[in-house]
Amino acid sequence: MKLATLKNNTRDGQLVVVSRDLSKAVVVSDIATTMQQAVDDWAQAADKLNAVYQALNAGTVEGEIAFDQKQCESPLPRAYQWADGSAYVNHVELVRKARNAEMPETFWTDPLMYQGGSDAFIGPYDEIPVASEEYGIDFESEVAVITDDVPMGVSSEQAQEHIKLLMLVNDVSLRNLIPGELAKGFGFFGSKPSSAFSPVAITPDELNDAWDGKKLHLPLTTHLNGELFGQPNCGVDMTFDFPTIVAHAAKTRPLSAGCIVGSGTISNYDRSAGSSCLAEKRMLEIIADGKPSTSFMSFGDTVRIEMFDAEGESIFGAIDQQVVEYKGA
């Protein structure tokens with residue numbers, strides 16, 4: 001099943017069911033008006049939404065409309081929780097190596113995670129407003145899951161049953177602001193502006209064998225200014241799988257329905273697949289040449305993030321954004 005949220009001049013948008021080929025959609029207000037309402041009532045809503053999905057794909061539903069990805073909000077325009085992990089520890093290891101910093105052994109056994117701003121996500125085709133290029137503007141191509149209500153202290157095996165939807169993420173980072181914030185010992189805040197998510201969120205069964213209940217085994221493709229930047233495989237070198245990081249997030253508190261948990265930047269040891277953020281490419285350049293030769297993003301630069309199935313069809317739609325100068329409200 002594929003779901004999206006259309007812009008309608010409200011904070012939370014209009015929930016629609018989207019066809020498998022992303023060509024058409026249907027409003028389902030009689031089931032749920034928003035994505036949050038659907039996940040709040042997932043046990044009752046899921047079967048009803050799936051029945052609409054099957055009818056839409058079969059061409060037997062009334063009231064279908066053309067689906068335009070550019071008219072989408074992020075599936076959850078705002079969420080009660082956005083917790084982003086760093087499941088690809090080789091990425092963390094690489095960044096630390098570039099600055100000659102030892103990596104604690106616990107990083108391989110205890111997941112890294114930060115709590116991101118979740119009150120104002122931007123749409124997958126919305127511009128990325130940033131006040132200054134000096135901030136070190138970077139994209140981060142990731143995968144995320146949406147959960148239903150997750151009890152505190154669940155095991156990873158139990159957490160697997162609470163993963164209801166998947167989507168892609170551009171977790172925008174302002175790299176030059178990060179060191180100063182981390183030096184304070186309180187973590188990210190201003191260095192992590194609004195994230196954007198793919199037009200469509202999907203149920204795991206849409207991925208067939210590419211989803212094993214724990215990892216998504218497909219490449220995530222990123223283009224920077226129209227040129228291929230990277231396509232590492234999400235299922236390779238993932239130290240902590242999704243049930244593990246969901247359980248980690250719920251270790252000391254419950255997670256409410258609609259909680260989003262991210263994978264962190266997709267990264268493979270095989271560097272021939274490219275990278276999923278500029279910071280990683282810059283780190284590789286520092287290790288090889290002693291200094292970076294790749295710049296961070298400038299105003300006018302674009303990034304496109306997408307995932308394709310075995311037949312080359314887009315699964316989630318695309319995140320396609322341009323960085324622009326923010327000049328104030």
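Biologist: Which residues touch the most other members of the largest nonpolar core?

Modeller: In this predicted model, the largest nonpolar core holds 63 residues. The largest share of this core, five residues, is supplied by helix α6, which spans residues 242-249. The members that touch the most others are Phe 67, Val 143, Leu 166, Leu 207, Leu 216 and Met 307.

Biologist: What does Phe 67 touch, leaving aside residues up to four places away in sequence?

Modeller: Phe 67 is among the core residues that touch the most other members. With residues up to four places away in sequence not counted, its contacts include Cys 72, Pro 199 and Val 200.

Biologist: How many residues of α6 are buried, and which are they?

Modeller: A residue counts as buried when its relative accessible area is under 20%. Six of the eight residues of α6 are buried, so this helix is largely enclosed by the rest of the structure. What covers those buried residues includes β6 (113-115), β9 (141-147), α4 (156-160), β10 (163-170) and β16. The buried residues are Phe 242, Pro 243, Ile 245, Val 246, Ala 247 and Ala 249.

Biologist: Which residue of β18 is the bridge partner of Ile 305?

Modeller: Strand β17 covers residues 302-306 and strand β18 covers residues 319-325, and the two run antiparallel. They are joined by four bridges. In β18, the partner of Ile 305 is Ile 319.

Biologist: Which residue takes a positive phi in the hairpin of β2 and β3?

Modeller: β2 and β3 (residues 24-27) run antiparallel and are joined by three bridges, with Val 17 having Val 26 as its bridge partner in β3. Five residues lie between the two strands of this hairpin. The residue there with a positive phi, near 65°, is Leu 22.

Biologist: Which residue of β4 is the bridge partner of Lys 24?

Modeller: β3 also pairs with strand β4 (residues 65-66), in the antiparallel sense. Two bridges make up this pairing. The partner of Lys 24 in β4 is Ala 66.

Biologist: Is Asn 9 buried or exposed, and what is its relative accessible area?

Modeller: Asn 9 is found in the loop between β1 (2-6) and β2 (14-18), and although it is not a glycine, its phi is positive at about 65°. The cut-off for an exposed residue is a relative accessible area over 50%. Asn 9 is therefore exposed, with a relative accessible area of 85%.

Biologist: Is Asn 208 buried or exposed, and at what relative accessibility?

Modeller: Asn 208 has its place in the loop between β13 (200-202) and β14 (221-224). Its phi is near 50°, a positive value in a residue other than glycine. Asn 208 counts as exposed because its relative accessibility is 59%.

Biologist: Why does Asn 268 count as buried?

Modeller: Asn 268 is found in the loop between β16 (260-262) and α7 (278-289). Not counting residues up to four places away in sequence, Asn 268 touches Asn 90, Pro 232, Asn 233, Val 236, Asp 237 and Ala 273. Asn 268 counts as buried because its relative accessibility is 6%.

How values were computed:
Residues numbered from 1 in each chain as written. Predicted model: local features only at pLDDT ≥ 70, side-chain atom pairs only at ≥ 80, totals over all residues. Heavy atoms only, no water. Core = buried A, V, L, I, M, F, W, Y, C linked by side-chain atoms within 4.5 Å. Buried < 20%, exposed > 50% of the residue type's maximum accessible area, 1.4 Å probe, protein only. Contact = heavy atoms within 4.5 Å. Pairing = 2+ DSSP bridges.
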